[in-house]
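Colleague: I would like to go through this model slowly, one question at a time. Could we look at the sequence and the structure together before we begin?

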Amino acid sequence: MNHLATVDYIVFLVYFVIVVGYGYWVYRRRSSAQMNTTDFFLAEGSLTWWAIGASLIASNISAEHFIGMAGSGFAMGLAISSYEWFAAATLIIVAIFFIPIYLKNHIYTMPQFIAKRYSDTVSTILAVFWLVVYVLVNLTSILYLGAIAIESLVGISFTTCTIGLAVFAIFITLGGMKVIGYTDVIQVVVLVFGGLVVTYLSLQLVAQETGTAGVWNGLLAIREHADSHFHMFFAKGTPHYDVLPGMALVTGGMWLNNLYYWGCNQYIVQRALGADLKTARSGILFAAFLKLMIPLIVVIPGIAAYVLYQSGPFREAMTDAAGVVKPDHAYPVLMNLLPVGMKGLAFAALTAAIVASLAGKCNSISTIFTLDLYKKYVDKNASEQKLVNVGRWAVIVSFAIAICIAPMLRSLDQVYQYIQEYTNFVTPGIFSIFLLGFFWKRATNRAAMTVAILTLPLSLLLKFWPEVTNLVNVQADSIPFLHRTTWVFCIDILLMVLVSLTDPAGYPSEEKIIVDRQMFRVSTSFMIGSVSIFGILAVLYTVFW
């Protein structure tokens, strides 16, 4: 464990002062007393396309990427990049088909859409689902991964790290979405630049270890010495098949996972809901381009750490006291090797990613709690200022819960997989409700209610399928979670169709959500950008398949 030098602390302090100072300046441009719910939760009309795009990336990229995805890069290689590259393609689909529906129907929260399309009951069930997943899985895992990274890098205790990160994020979150959006621009610049520094160093180390010099030679060396880590496709029976099962990358679960996350997730969609359609689409396209480069920042260093582990230098650093290899140690170990000054920059980049993601996540938690639960069931006549204050208290309480739960994740090996698997317990049901709610007018409230109730039991049944079959002396293989997502989604869609067609209450008599084909038209510049992204993805998957 290495501690930061004085210069590193100065670099980090400069970053901290700039972010907090800029955030305070943005906040003071509109008095707190004048702030209403659309200002606090959406920053309505005040975010530019580049702020929306940067905020999408800053809110998405966190310690789960720097630590968790780098750890998966160490363990399985470039294949984990599918989450990032599929996200780029998914963002295009969301910008064309999903965002216009939200904006046309003045949707501010995802539960609001469900309430408007189906009923308050279904909306409330899903609102509770979202809050539980956001707080117990997402917020907690981000805080945990950030704390262990900083603990490893600086030597500050885990508990102190969790509290410090939470307090920093609270300062940003309490200023509302406008403060989050514009400070995220700084956060993205810092995390990308700082991340590239770590990539540069890791490739230089590999080059030196293999008797050459230079970043390009380092890249060639990791390709040569870790060829098994440069394949996107895992066949059945090979290591890591359960995590990234073969054709699920292109035909099923990966698409569902990303379409739900980027198109039906308050945490993400909220960035675009306060803008006009052109601005929102431009911001999402910008985010898609940024997504293409994320594996260079987080996955490549993980593969480099694997090569250095195999050749010897990282063998001790990558194992715990019992001699067990810990993939999630890869990024912190690399950061500890940075020279003075650069380590402070990398520390700032990591903190930027953590704090931006924490702030964005907690703003969405407070939005759902305040607008979809508190206002609806506790105080229907609450003033705008009271709702803003309730949202701020929801932020504080959420962080308190996450701080208490975060230490429990220490027993996990690859936390990134924990996040993906457990959020996918509810993903297929929620996405099927949204998808048919968008594009099938006959979908009924009873159908949505059926799927909302049955999705979690179905996911749990397939999760523990081998144990269930053993009770009747029938052997069965475990189902990879991306395949499980696909199976549950198909069952949910079938259930919704059957229940809707046989619903004695009949189909909705009025069009509750306006969907007009004209809203799906895009500009020439957007089309050119979209084709460019799909072309880049085609090349990447052709080269590394």
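**Reading the model**

Colleague: Where does A321 lie, and is A321 buried or exposed?

Modeller: A321 lies in the loop between α14 (277–311) and α15 (330–336), where helices are DSSP runs of H or I with at least four residues, strands are E runs of at least two, and both are numbered from the N terminus. Buried means under 20% relative accessible area, exposed over 50% and partly exposed in between, with a 1.4 Å probe and protein chains only. The relative accessible area of A321 is 91%, so A321 is exposed.

Colleague: What kind of model is this?

Modeller: Residues are numbered from 1 along each chain as its sequence is written, and side-chain values use heavy atoms, with hydrogens and water left out. Local features need pLDDT of at least 70, side-chain atom pairs count only at pLDDT 80 or more, totals for chains, interfaces and linings use all residues, and the model itself is predicted.

Colleague: How far apart in space are A321 and R117, C-alpha to C-alpha?

Modeller: R117 is one of the buried residues of α6, whereas A321 is exposed. In sequence the two residues are 204 residues apart, and in space their C-alpha atoms are separated by 54 Å.

Colleague: Why is α6 said to be largely enclosed, and which elements are included in its cover?

Modeller: Six of the eight residues of α6 are buried, and the helix is therefore largely enclosed by the rest of the structure. The buried residues are M110, P111, F113, I114, A115 and R117. What covers them includes α5, α7, α13 (266–269), α16 and α19 (427–439).

Colleague: Which residue caps the N-terminal end of α6?

Modeller: A polar contact is a pair of N or O atoms within 3.5 Å; within protein, one must be able to donate a hydrogen and the other to accept it, and residues adjacent in sequence count only if both atoms are side-chain atoms. At this helix end, a side-chain oxygen lies 3.0 Å from the backbone nitrogen of Q112, and the residue that provides this oxygen is T109.

Colleague: How are α6 and α7 oriented to each other?

Modeller: The axes of α6 and helix α7 (residues 120–154) are 7 Å apart and pack at an angle of about 160°; axes are lines fitted to C-alpha atoms, for helices over the stretch in contact, and angles run from 0 to 180 degrees between N-to-C directions. Angles under 35 degrees count as roughly parallel, over 145 as roughly antiparallel, 65 to 115 as roughly perpendicular and the rest as oblique. The pair α6 and α7 is therefore roughly antiparallel.

Colleague: What is the phi of H106?

Modeller: H106 has its place in the loop between α5 and α6, and with 57% relative accessibility it counts as exposed. Most residues other than glycine have a negative phi. In H106, however, phi is positive, with a value near 55°.

Colleague: Which residues does S364 contact, leaving aside its neighbours within four places in sequence?

Modeller: S364 lies in helix α16 (residues 342–378) and is buried, with a relative accessible area of 0%. A polar atom of its side chain lies 3.4 Å from the backbone oxygen of Q266. Contact means heavy atoms within 4.5 Å, and the residues that S364 contacts are Y134, Q266, Y267, Q270 and R271.
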